[in-house]
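Please consult the sequence and the model shown below while reading.

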Amino acid sequence: MSGLLIQPPYLYPTSYALRTELLGLSYLAASLRRAGHDVSIFDSTINAPKKITDHLYYYGACEEDIKDRILRYSPDVLGISCHYAYNSPETFKIALMAKRINSQMITVIGGCILQLIRKWFFMNVIRSIMG
């Protein structure tokens, strides 16, 4: 099975957001590789921030670059990290984009912010399962 793990873009009010290592995605990828799966990590936040307004910056690859990465890799499973409220809108955009690309692609969103938005999340999962 092939997998693509994505660190999604995000909007932030300053041009000096803290960057951290993608330890969660790295540990997950290592475990999946050890189990024999082909896994790749895409850190879409590696680019310099783009100024949107005086107090809003976009950290990450554009939607077209993310779409190209998903199309090129064509994973069986797409995992998207969602640890902060400020990257949750982009996380859900990527999940919906993936389903438009391939409705059979298993799409998984993980991260601590899901505990706060689980009601919305599970309602949408149920809707998509039930049609």
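Which pattern does the protein chain follow, read along the sequence? The pattern is β-β-α-β-β-β-α-β-α-β-α.

## Basis and overall composition

This is a predicted model, in which local features need pLDDT of at least 70 and side-chain atom pairs count only at pLDDT 80 or more, while totals for chains, interfaces and linings use all residues. Residues are numbered from 1 along each chain as its sequence is written, and side-chain values use heavy atoms, with hydrogens and water left out.

The protein chain has four helices and seven strands. Helices (H or I, at least four residues) and strands (E, at least two) are DSSP runs, numbered from the N terminus. Of the 131 residues of the chain, 35% count as buried; buried means under 20% relative accessible area, exposed over 50%, and partly exposed in between, with a 1.4 Å probe and protein chains only. Among contacts between residues at least 6 apart in sequence, 72% join residues at least 24 apart, where contact means heavy atoms within 4.5 Å.

## The parallel sheet

Four strands form an open sheet in the order β3-β1-β6-β7, with parallel pairing. Two strands pair if DSSP finds at least two bridges between them. Strands β3 (38-43) and β7 (106-110) stand at the edges with a single partner strand each, so one side of each is left without a neighbour in the sheet. The twist averages 20 degrees from one strand to the next; angles run from 0 to 180 degrees between N-to-C directions, and axes are lines fitted to C-alpha atoms, for helices over the stretch in contact.

Strand β1 (residues 2-7) runs parallel to β3 and is joined to it by six bridges. Ser 2 has Asp 38 of β3 as its bridge partner, and Leu 5 has Ile 41 of β3. Four bridges join β1 to β6, and these strands also run parallel; here Gly 3 stands opposite Val 77 in β6.

Six of the six residues of β1 are buried, so this strand is largely enclosed by the rest of the structure. Ser 2, Leu 4 and Ile 6 point one way from β1, whereas Gly 3, Leu 5 and Gln 7 point the other way.

Helix α1 (residues 23-34) lies across β1, β3 and β6 (77-81) and runs at about 165 degrees to β3. Helix α3 also packs on the sheet, where it touches β1, β6 and β7. The direction of α3 makes about 170 degrees with that of β7.

## The antiparallel sheet

A further open sheet has three strands in the order β2-β5-β4, with antiparallel pairing. Its edge strands are β2 (10-12) and β4 (50-53), each of which pairs on one side only. Neighbouring strands of this sheet are turned by 35 degrees against each other on average, direction ignored.

Strands β2 and β5 (residues 56-59) pair in the antiparallel sense over three bridges. Within this pairing, Tyr 59 in β5 is the bridge partner of Tyr 10.

## Packing of α2 against α3

Helix α2 (residues 63-73) and helix α3 (residues 88-101) pack at an angle of about 45 degrees, with their axes 11 Å apart. That makes α2 oblique to α3: angles under 35 degrees count as roughly parallel, over 145 as roughly antiparallel, 65 to 115 as roughly perpendicular and the rest as oblique.

The contact is made by Glu 63, Ile 66, Lys 67, Ile 70 and Leu 71 of α2, together with Lys 93, Ile 94, Met 97 and Ile 101 of α3. These residues divide into six nonpolar, no polar and three charged. In this scheme Ala, Val, Leu, Ile, Met, Phe, Trp, Tyr, Cys and Pro count as nonpolar, Asp, Glu, Lys and Arg as charged, and the others, Gly among them, as polar.

Glu 90 has its place in helix α3 and is buried, with a relative accessible area of 8%. Not counting residues up to four places away in sequence, Glu 90 touches Pro 9, Tyr 10 and Tyr 58.

Lys 93 lies in helix α3 as well, but is partly exposed, with a relative accessible area of 39%. Lys 93 and Pro 8 are 85 residues apart in sequence and 9.5 Å apart in space, C-alpha to C-alpha.
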